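The entries follow in the order I looked things up.

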Amino acid sequence: MSRPHDLPHPFFHFGNPFRMISPKGSNLSKKLLLLLNNFEETLAGRLRKLNPKDKNGVLSLSWMKLAMLSLCETHNDIKTLIAELELPVCDWDEKWIDAYLDISVNLLDICNAFSSEISRLNQGHLLLQCVLHNLDSSSSKQFIKARSSLDAWRQHISSKNPRVENCSTILNKLVESLDLPKVKNSAKGKVLMRAMYGVKVETVFICSVFASAFSGSARKLFDLNVDDKYMWAQAFTDLQTSINSEIRNLYSSGRFTVLKELEAVDTSVKKLYPMIQDGVDPVEVEAFQNSVSDLARRAEGLSQGLDLLTKEVDGFFHVVLTGRDALLCNLRESGTGSDTKLGCKVVERVQS
């Protein structure tokens, strides 16, 4: 992990725990290698699809929706892999299970933070609706109300969400969890560990981009270094470079937000505000009406985009929860006394 102001360095300070399970020269069976390769090829393709063809795709709500959908699909792939591996509980280290549950709690916290910010942005839409309603009239009194609502919108949008600000701490924990305890004497467990590494790298990257976009700061971004032995490594590096570089360029140019739809609304507000403040000159009536129409269109686009993104964030929240259930099912199906005891411990953690 490295910050924008730090020199990049590898995740694993004492060596990569996954080095012993690279396909070349490994002792994995053909079936396990096929499962692993299919997973990594799918992840590589998914990452390539997220890399926008032009800079205008960074950072739109439609891209963020696709990114969250990609996370859902990747996390679902892990559940599928668990089922295909038929992984017995004896291959699951207790410390790894504890770590997995801690990770899932952090992901749920991040989902809640993102949902709260989307909700906050949507609350601003109500203020814009008040503006548009008041501008239906040519009354000076209504113009004053519209100007007041615009002032309230600008203040609302520029405020900080403490839950989003706290995402850096949570993301730091997720990065630390990349170095998971090794699963010993289990080829299936090693395959799952390697797959989980890919899932977690994509998760940290996308969540850090969301945190940066919602907080208005490039400091929330992470630069992750991935060994090129992974089939998805190049696709990830290209994606990370493309997205992170453009976000930093946008912030360095003085943008208060990198969200395309929010920036478009802000541009319309800045254009309309002086017209409302100074009064509409008869000569500028058409320009004024066009500005109002632009604001209405862009505000609606922002609202619809936020609604669609909300559904994807909620979907990811559900996927994380069901992923925990998949782990519990594996534990409960073991049938041994020690495994049942371990399963009870996990149930207690989930319900707490």
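How do the residues of the lining of the largest cavity divide into nonpolar, polar and charged? I found eleven nonpolar, five polar and two charged. Here Ala, Val, Leu, Ile, Met, Phe, Trp, Tyr, Cys and Pro count as nonpolar, Asp, Glu, Lys and Arg as charged, and the others, Gly among them, as polar.

Provenance. I am working with a predicted model, in which local features need pLDDT of at least 70 and side-chain atom pairs count only at pLDDT 80 or more, while totals for chains, interfaces and linings use all residues. Residues are numbered from 1 along each chain as its sequence is written, and side-chain values use heavy atoms, with hydrogens and water left out.

Chain overview. I counted eleven helices and zero strands in the protein chain; helices (H or I, at least four residues) and strands (E, at least two) are DSSP runs, numbered from the N terminus. Of the 352 residues, 51% are buried, where buried means under 20% relative accessible area, exposed over 50% and partly exposed in between (1.4 Å probe, protein chains only). Among contacts (heavy atoms within 4.5 Å) with a separation of 6 or more, 80% join residues 24 or more positions apart.

Cavities. I found two cavities of 30 Å³ or more. On a 1 Å grid over the protein atoms alone, a cavity is a set of points where a 1.4 Å probe fits but cannot get out; a pocket is an open set with protein on both sides within 12 Å along at least five of seven lines; lining residues have an atom within 4 Å of a point. Grid points are joined across faces, edges and corners, and a volume is the space filled by probe spheres set on the points. The largest cavity holds about 210 Å³. Its lining has 18 residues, and His75, Tyr100, Leu107, Met196 and Val199 lie nearest the centre. Helix 2, helix 3, helix 7 and helix 10 (285–332) each give two or more residues to this lining, with helix 7 giving the most, five.

Histidine 75. I placed this residue in helix 2. His75 is buried, because its relative accessible area is 15%. Beyond four places in sequence, His75 is in contact with Leu107, Val199, Thr203, Phe316 and Val319.

Helix 2. I checked the span of residues 61–85: 25 residues at 1.5 Å a residue should span 36 Å, and the end C-alpha atoms are 36 Å apart, so the two agree. The expected span is 1.5 Å times one less than the number of residues. Just after helix 2, Glu86 takes a positive phi of about 50°.

Second largest pocket. I read a volume of about 170 Å³. Of its 16 lining residues, Ile157, Phe214, Ser215, Gly216 and Phe256 are the closest to the centre. The lining divides into seven nonpolar, six polar and three charged residues.

Core. Of its 103 residues, Leu59, Met64, Phe214 and Trp232 touch the most other members. Helix 7 (residues 187–215) supplies the largest share, 16 residues. Beyond four places in sequence, the contacts of Phe214 include Met64, Phe114 and Leu309.

Glycine 198. I found this residue in helix 7. Gly198 counts as buried because its relative accessibility is 2%. Leaving aside neighbours within four places in sequence, Gly198 is in contact with Leu43 and Trp232.

Technical notes: Core = buried A, V, L, I, M, F, W, Y, C linked by side-chain atoms within 4.5 Å.
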